[in-house]
Amino acid sequence: MSKFVKELVTRDIKNRLDGVEDAVIVSTVGMDANTTCELRAELRQKDITMMVVKNSLARKATEGTSLRPMFEGAGGSLAVCFGGSDFISLAKEVVRLDKDTDKFGKFVAAGGVMDGEALDPDGLKAVSKWPSREEQISLLVGQILGPGATLSAALLGPGKTLNGQIKKISEEE
């Protein structure tokens, strides 16, 4: 590949990764075209983009960005996965696909970067066990509504008891 073409490809990678703060790298070496197409369709359903890149060109393209640590020590062709509702959901999906050896046997999670820190495959698996954004919001809403429900029950409980006693007395008379 000529220097001019390498610069064009590097610029394209840089433009496509513009605005991406967190991503995961995976290896798809040895995967046939039909399986890759099926994999991309499955990722697309979760709003995740997968882009196959040459490691050295991606390293050049991510120079000075938070994605740079992801390519340290990585070799060969890799695929960068980014998108989803948040990084946790991205990690969960990639780890789920990595475990699915029947369908995607050659798909291997190789690491990633979160908040500018590189993640190894074990770190990625640990992050995938965290609650996602939606799960965090539901936990927070439950914690916010819990004391209100308790207060409401405390205020309404004695009134209902008094109402029941008055009704019983009025029925007896």
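Which residues does Glu-93 touch, not counting residues up to four places away in sequence? They are Glu-42, Leu-43, Lys-46 and Ile-48. To touch, or to be in contact, is to have heavy atoms within 4.5 Å.

The model is predicted: local features need pLDDT of at least 70, side-chain atom pairs count only at pLDDT 80 or more, and totals for chains, interfaces and linings use all residues. Residues are numbered from 1 along each chain as its sequence is written, and side-chain values use heavy atoms, with hydrogens and water left out.

Stay with Glu-93. This residue sits in helix α4, which covers residues 87-99. Helices here are DSSP runs of H or I with at least four residues, strands are runs of E with at least two, and both are numbered from the N terminus. Is Glu-93 buried or exposed? Glu-93 is buried, at a relative accessible area of 5%. Buried means under 20% relative accessible area, exposed means over 50%, and partly exposed lies in between (1.4 Å probe, protein chains only). The side chain of Glu-93 also makes a polar contact with the side chain of Arg-96, at 2.5 Å. A polar contact is a pair of N or O atoms within 3.5 Å; within protein, one must be able to donate a hydrogen and the other to accept it, and residues adjacent in sequence count only if both atoms are side-chain atoms.

Side chains of opposite charge can pair when their charged atoms come close. A salt bridge is a side-chain nitrogen of Lys or Arg within 4 Å of a carboxyl oxygen of Asp or Glu. The count comes to eight salt bridges. One of them joins the side chains of Arg-96 and Glu-42, at 2.7 Å from N to O. Arg-96 lies in helix α4 and Glu-42 in helix α2, so the pair ties together parts that are 54 residues apart in sequence. Arg-96 is partly exposed at 37%, whereas Glu-42 is buried at 13%.

Now take Lys-103. Its salt bridge partner is Glu-38, with the closest N and O atoms 3.7 Å apart. This pair links distant parts of the chain, 65 residues apart: Lys-103 is in the loop between α4 and β4 (108-114), and Glu-38 is in helix α2 (residues 33-45). Lys-103 is partly exposed, at 39% relative accessibility. Glu-38 is partly exposed too, at 38%. Salt bridges link Glu-38, Glu-42, Lys-46, Glu-93, Arg-96 and Lys-103 in a network. Another salt bridge pairs Glu-63 with Arg-68, where the closest N and O atoms are 3.8 Å apart.

What about the cysteines? A disulfide is a covalent bond between the sulfur atoms of two cysteines. The cut-off used here is a pair of cysteine sulfur atoms within 2.5 Å. A search of the whole structure finds zero disulfides. For Cys-37, the nearest cysteine sulfur is that of Cys-81, 15 Å away. Cys-81 is buried, with a relative accessible area of 0%.

Finally, turn to helix α6, which spans residues 133-172 and holds Glu-135. Glu-135 is partly exposed, at 35%. Leaving aside neighbours within four places in sequence, Glu-135 is in contact with Lys-92 and Trp-130.
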